[in-house]
Amino acid sequence: LVVSGASVSGLALGPLVPLLLETYGWRGALLLLAAISFNLVAAGALLRPPPPPGESPGPPKEGPGLVRLLRHGPFLRYTLAFVLVDAGYYVPFVHGE
């Protein structure tokens, strides 16, 4: 279920990219694809580690949430995995046409 988003977006972007290229040209198509991808920033902002047991689910007491998040090992591995996947997965959309 977690990685099915890449497959679904691959199926959706397959016919969408040629349509965007015909309508907006390559610069406009890349801008629209970047805008679509930029919406994932909001979803990524929701990824944060759960509070430790016995701690209230309020704001963290150790400092800013971003610093705490960047020290969380599972989040860093998850982020690195998706950076590597996206680095190789993006090529077909750009050069496919």
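1. The protein has 5 helices and 0 strands. Helices here are DSSP runs of H or I with at least four residues, strands are E runs of at least two, and numbering starts at the N terminus. Along the sequence the pattern reads α-α-α-α-α.

2. On provenance: this is a predicted model, in which local features need pLDDT of at least 70, side-chain atom pairs count only at pLDDT 80 or more, and totals for chains, interfaces and linings use all residues. Residues are numbered from 1 along each chain as its sequence is written, and side-chain values use heavy atoms, with hydrogens and water left out.

3. Burial: 11% of the 97 residues count as buried (under 20% relative accessible area; exposed is over 50%, partly exposed in between; 1.4 Å probe, protein chains only). The accessible surface comes to about 7,700 Å², and carbon and sulfur atoms hold 72% of that surface (Shrake-Rupley method, 1.4 Å probe).

4. Contacts: among those in the protein with a separation of 6 or more, 36% join residues 24 or more positions apart. Contact means heavy atoms within 4.5 Å.

5. The unreviewed UniProt entry lists residues 24–47 and 75–93 as "transmembrane region". Such annotations may be inferred rather than shown by experiment. Residues 24–47 are 88% helix and 0% strand, with the end C-alpha atoms 34 Å apart.

6. Leu47 lies in the loop between α2 (40–45) and α3 (65–70). Leu47 counts as partly exposed because its relative accessibility is 36%. Together with Tyr78, Phe82 and Val85, Leu47 makes a nonpolar surface patch of about 320 Å².

Terms used: Patch = residues over 30% accessible without salt bridge, like charges linked within 9 Å, V, L, I, M, F, W, Y side chains within 5 Å. Salt bridge = Lys/Arg side-chain N within 4 Å of Asp/Glu carboxyl O.
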